[in-house]
Amino acid sequence: MELTVDAPLADIENHGLFQSVTIQSVKPDTWTEYAVGNTLRVLAQASRIVVEKGARLKSLEYAKADAKAKLEVNGTVEQVIVSEKTELQISGTPENVPEVSVEKSAADTVIISQAPVHVTLNASAELKFLKGAEQSTVTVRSGFYKIVNETSASIKVTKPDGTVQVITSTRVPIYQGNIWYPSYTPSITPPATTGPSIIPTGPSISGPGNGAGEEGTEEDEKPFFYFATREEMADFVLKTIKAESAYTVTKLPVKLQSDYTPVTASAILSFQLQEDPQALPEGVYVEWKCEGLSSNGSGDWERLEGSSAKFTLGELTHERDGAWPAYGENCIGPVVTLRFQSDTMRISELPIDVIVGAIDTNLLFHMTSGEMFLRRWTYMKTKPMPLENCSVYEKGLRPGETSKVLLTTIGIDRDKYVIDYKEHDPL
């Protein structure tokens, strides 16, 4: 049996199973689904469908142009089809992850979701993922798209050519603080070292025991793992985090080099974590976390195997009116924490907090001996510059502490990286 509903003033609770259900009009807030196995087609200009816990829809189609629809899923919805331009809000705690398809005839659809969904785009659309939509994914087959990610996790987007883009969360905490550099700063050239230290702590070669006439335990016989020097740690971080930042700097004209003027620096940061089997002893592996970026959505630890997704954050902005950098504002970027695990070694190296410095205002202030002032630059734009300068400015020593590491660019080579700039006439 097919059911057609044309009841603009009625509240509907559906417990029946039909071959198909067409909703031509209904009171905007009042269709509640309790049945298992129905197929719904919505032609109403405004609607709210609630799928209760234990209920299941095989398919739900929105087929009215310029409709405004709300869908609350607490049960199961196997498939949502948007066949006409619709503004669709999705919420609830679904028992599955609904498949949502935007058809070619539904260009310029807007979907706002507070629940996890797998979206397939066959036309241009705007997608906004709010808290609760963690674990959502997007597959783009055609059309332009705009995606806003306000969840606590990154959103994976598969493009028509098969490449994957990761839309990072706008809720990623950004470190903004002052860092006093150590007296040395290791460059990208790795130090002459054979890698992290391994200190044997087990029995002597003469037989079992700890050298004091006592029998050693299996744990006692494992060697220690730790970085003996800051240079070793810096070398490891450079091998593990590959990052680059593109700068745009604008300022008002100045008359003398000693003058100060409002300055705005913004950057687009891209980075990726990469496993390097040669960087650690056999049996030692890395786990990482970064709130708003890790795919589990909660910022919990993830094992680094191969390469992570490539993350892009922009526009990260620093504004300063007057002399800068200001105290407490010379480094801006996300913090990625690394830690070490092993079944074969005793880990004595503490976790490492790596600040991926999208903006280093010290670099801008001092770059090329004050060139922004002497050459009267008012605008500068660079192409992505690698973050190959690694400073270990604090090494953790006690349980509960972490080591602190900063990644920044080595410098701005005007001939190599600057792609656009403007100057002002002398004042």
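## Confidence of the model

The protein has an average pLDDT of 82, and 79% of the residues score at least 70; pLDDT is the predictor's confidence in each residue, from 0 to 100. Residues 201–213 have a pLDDT below 50, and this stretch has 17 contacts in the model beyond near neighbours in sequence. A contact means heavy atoms within 4.5 Å. Residues 367–371 also have a pLDDT below 50, with eight contacts beyond near neighbours in sequence. Where pLDDT is low, the predicted coordinates should not be read in detail.

This is a predicted model, in which local features need pLDDT of at least 70 and side-chain atom pairs count only at pLDDT 80 or more, while totals for chains, interfaces and linings use all residues. Residues are numbered from 1 along each chain as its sequence is written, and side-chain values use heavy atoms, with hydrogens and water left out.

## Overall make-up

The secondary structure comes to four helices and 36 strands. Helices (H or I, at least four residues) and strands (E, at least two) are DSSP runs, numbered from the N terminus.

Of the 427 residues, 47% count as buried. Buried means under 20% relative accessible area, exposed over 50%, and partly exposed in between (1.4 Å probe, protein chains only). The accessible surface is about 20,800 Å², and carbon and sulfur atoms hold 48% of this area; the areas come from the Shrake-Rupley method with a 1.4 Å probe, and for residues only the protein chains shown count as cover. Among contacts with a separation of 6 or more, 47% are between residues 24 or more positions apart.

## Parallel strands

Eight strands form an open sheet with parallel pairing, in the order S2-S4-S6-S8-S11-S13-S15-S17. At its edges are strand S2 (12–14) and strand S17 (145–149), each of which pairs on one side only. From one strand to the next, the twist averages 15°; axes are lines fitted to C-alpha atoms, for helices over the stretch in contact, and angles run from 0 to 180 degrees between N-to-C directions. Two strands pair if DSSP finds at least two bridges between them. Strands S11 (residues 86–91) and S13 (residues 109–113) run parallel and are joined by four bridges, with leucine 88 opposite isoleucine 111 in S13.

Strand S12 (residues 99–102) is joined by four bridges to strand S14 (residues 118–121), and the two run parallel. Here valine 100 has valine 119 in S14 as its bridge partner. S14 also pairs in the parallel sense with strand S16 (residues 137–140), over four bridges; histidine 118 has threonine 137 in S16 as its bridge partner.

Asparagine 38 is found in strand S5 (residues 36–42). This residue counts as buried because its relative accessible area is 0%. Its side chain makes a polar contact with the side chain of glutamate 33, at 2.8 Å. A polar contact is a pair of N or O atoms within 3.5 Å; within protein, one must be able to donate a hydrogen and the other to accept it, and residues adjacent in sequence count only if both atoms are side-chain atoms. Leaving out residues up to four places away in sequence, asparagine 38 touches several residues, including Asn14, Phe18 and Arg56.

Valine 335 lies in strand S28 (residues 331–342). With 25% relative accessibility, valine 335 counts as partly exposed. Its contacts, not counting residues up to four places away in sequence, are Tyr175, Lys289, Cys290, Asp353, Val354 and Ile355.

## Helix H1

Helix H1 (residues 230–240) is mostly covered, with eight of its eleven residues buried. Among them are Met233, Phe236 and Leu238.
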